[in-house]
Amino acid sequence: MSVNGIRPAFPLQQLARRMRTATLEMPFARPVGEVRAIGPLGLEISGLSRHLRLASLVEVMTAHGPVLAEVIRLDGELAYCKSFDVRVAVALSDHVYPRGELLYYPHESWRGRIIDALGRPADSGEPLHPGGRAVRLAAAPPPAMERQIVSRGIATGVRVIDTFTPICFGQRLGIFAGSGIGKSTLLSMIARAQVFDCVIVSLVGERGREVREFVEHTLGSAAQRSVIVLATGDESAMMRRLAPQFATSLAEYFRDQGQNVLMIMDSVTRYAHACREVSLAAGEPPVARGFPPSVFSDLPQLLERAGPGRNGQGSITGIYAVLVDGDDHNDPVADAVRGTLDGHIVLDRAIGEQGRYPAVNLLSSLSRLSQRVWTSDQAKAVHELRRLVARFEDTRDLRAMGGHVAGADPELDRAVDLVPRLYTVLSQQASDPPSTDPFRDIATALSGSL
């Protein structure tokens, strides 16, 4: 079909068959460009610059079918694009068409499904049912003065979190850990909390073999009310960068319906690595350990979208895993994320090596909203416990050398008596039932010694 002799950019019926849950905002006319150069960092397109803008999409018509790519740089008559598929079979002089903006149409029936970053099913289920309202990737957060005030606490059932780093609805918390310290297990324990209406999980750069295990065993029953957005480590940087943005848009969709949403991202670090690869391909210079400046503006733009909504809306409680390279908690990504979030939980490898999980470092972890959850008695008890833990850990070497004599220091005697019992009651496996009253559990274990 043509109008005034100009064909649409793509037949709408064919587009609906190809992408049932995500569509593209297309220009009316059908301008065409061509591939001028192909490199390891992306494609160079000529003839389309005046029809494109940054972050818009193009479709390359190859001999093996269409390939979708995003515009990452515009330079005069040239557009630099990066494909969403790592297995690109693009040839020089292949025709290229503008495809506009990527739009998603979420629906309530998406709960319990695994979806890729382009809104396509990644499981063996039925085709996704599209909703009636489009959502965009780059939505702005609610205005600061229109947001609800965060004040209502959450019972996660994880004793160490509910006592030492309590979480509120609409709070954003980071879990900082090296690899293999139980980060994903702790995230799954939080996801099982029954206080959330919906759970959105963004798995970025995960090993492909672990995805099914995470969904069926680690998440367990929580998977039925979760929407999982997946971009495995073998996928392109474009897909790994897109997945957290799409997941956040999904969380905003459910929040706008008045639901309390738990948003889990594993991990922010791999998202930052994907952003770095795309930014370097666009010609940005590295400034901090190989990261271009735009990475440190992309992070707060994404993280700020979580939090409380406007009055009458729900909230997005964000739990973000931060994979610290070499257990260095001061690397640029970890430092930038820690300054943006409302608290951080630090997992310590030395604690995990002792067999104590969750391997939370009580002295390094904090919640900036804890005072809105604790009663005055609970706050006093937590501060006293922290002081005893600090004394216990500071004298560990001294006691190992036999330098502590019982009765010489009553406070140290008290720490030696109470802290090991505290560590025992705070230890909790994913298979253990959630704690309904963590302060009572601790008081029972310590036999009223506080």
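How many nonpolar, polar and charged residues are in the lining of the largest pocket? Work through Exercise 1 to find out.

This is a predicted model, where local features need pLDDT of at least 70 and side-chain atom pairs count only at pLDDT 80 or more, while totals for chains, interfaces and linings use all residues. Residues are numbered from 1 along each chain as its sequence is written, and side-chain values use heavy atoms, with hydrogens and water left out.

**Exercise 1. Describe the largest pocket and its lining.**

Step 1: On a 1 Å grid over the protein atoms alone, a pocket is an open set of points with protein on both sides within 12 Å along at least five of seven lines. Lining residues have an atom within 4 Å of a point.

Step 2: take the volume. The largest pocket holds about 790 Å³ of space. A volume is the space filled by probe spheres set on the grid points, which are joined across faces, edges and corners.

Step 3: find the lining. It has 30 residues. Ala55, Glu70, Ala138, Arg241 and Gln245 lie nearest the centre of the pocket.

Step 4: assign elements. Helices (H or I, at least four residues) and strands (E, at least two) are DSSP runs, numbered from the N terminus. At least two lining residues come from each of β5 (65-75), β7 (95-104), α5 (237-256), α6 (268-281) and α7 (295-303). Helix α6 gives the largest share, four residues.

Step 5: sort by class. Ala, Val, Leu, Ile, Met, Phe, Trp, Tyr, Cys and Pro count as nonpolar; Asp, Glu, Lys and Arg count as charged; the others, Gly among them, count as polar. The lining has 17 nonpolar, five polar and eight charged residues.

Step 6: look again at Ala55. Its phi is positive, about 75 degrees, although Ala55 is not a glycine. Ala55 sits in the loop between β3 (42-46) and β4 (57-62).

**Exercise 2. Work out how α5 and α6 cross.**

Step 1: get the angle. Axes are lines fitted to C-alpha atoms, for helices over the stretch in contact, and angles run from 0 to 180 degrees between N-to-C directions. The axes of α5 and α6 come within 8 Å and cross at roughly 130 degrees.

Step 2: name the angle. Under 35 degrees is roughly parallel, over 145 roughly antiparallel, 65 to 115 roughly perpendicular, and the rest oblique. So α5 and α6 are oblique to each other.

Step 3: A crossing is left-handed if the near helix is turned anticlockwise from the far one by less than a right angle, and right-handed if clockwise. α5 passes α6 in a left-handed crossing.

Step 4: list the contact (heavy atoms within 4.5 Å). α5 brings Ala237, Met238, Arg240, Arg241, Pro244 and Gln245. α6 brings Arg270, Tyr271, Ala274, Cys275, Glu277 and Val278. By class, the α5 and α6 contact has seven nonpolar, one polar and four charged residues.

**Exercise 3. Describe the largest cavity.**

Step 1: a cavity is a set of grid points where a 1.4 Å probe fits but cannot get out. The count comes to one cavity of 30 Å³ or more.

Step 2: the largest cavity holds about 40 Å³ of space. Its lining is Val160, Arg356, Pro358, Val360, Leu362, Tyr423, Leu426 and Ser427. Six are nonpolar, one is polar and one is charged.

Step 3: trace two of these residues. Tyr423 is one of the α12 residues that meet α10. Pro358 is joined to Tyr357 by a cis peptide bond, with omega about -5 degrees. Pro358 lies in the loop between α9 (349-353) and β18 (366-367).

**Exercise 4. Which residues does the cis peptide bond with omega of about 10 degrees join?**

Solution: this bond joins Asp266 and Ser267. Ser267 is in the loop between β14 (260-266) and α6.
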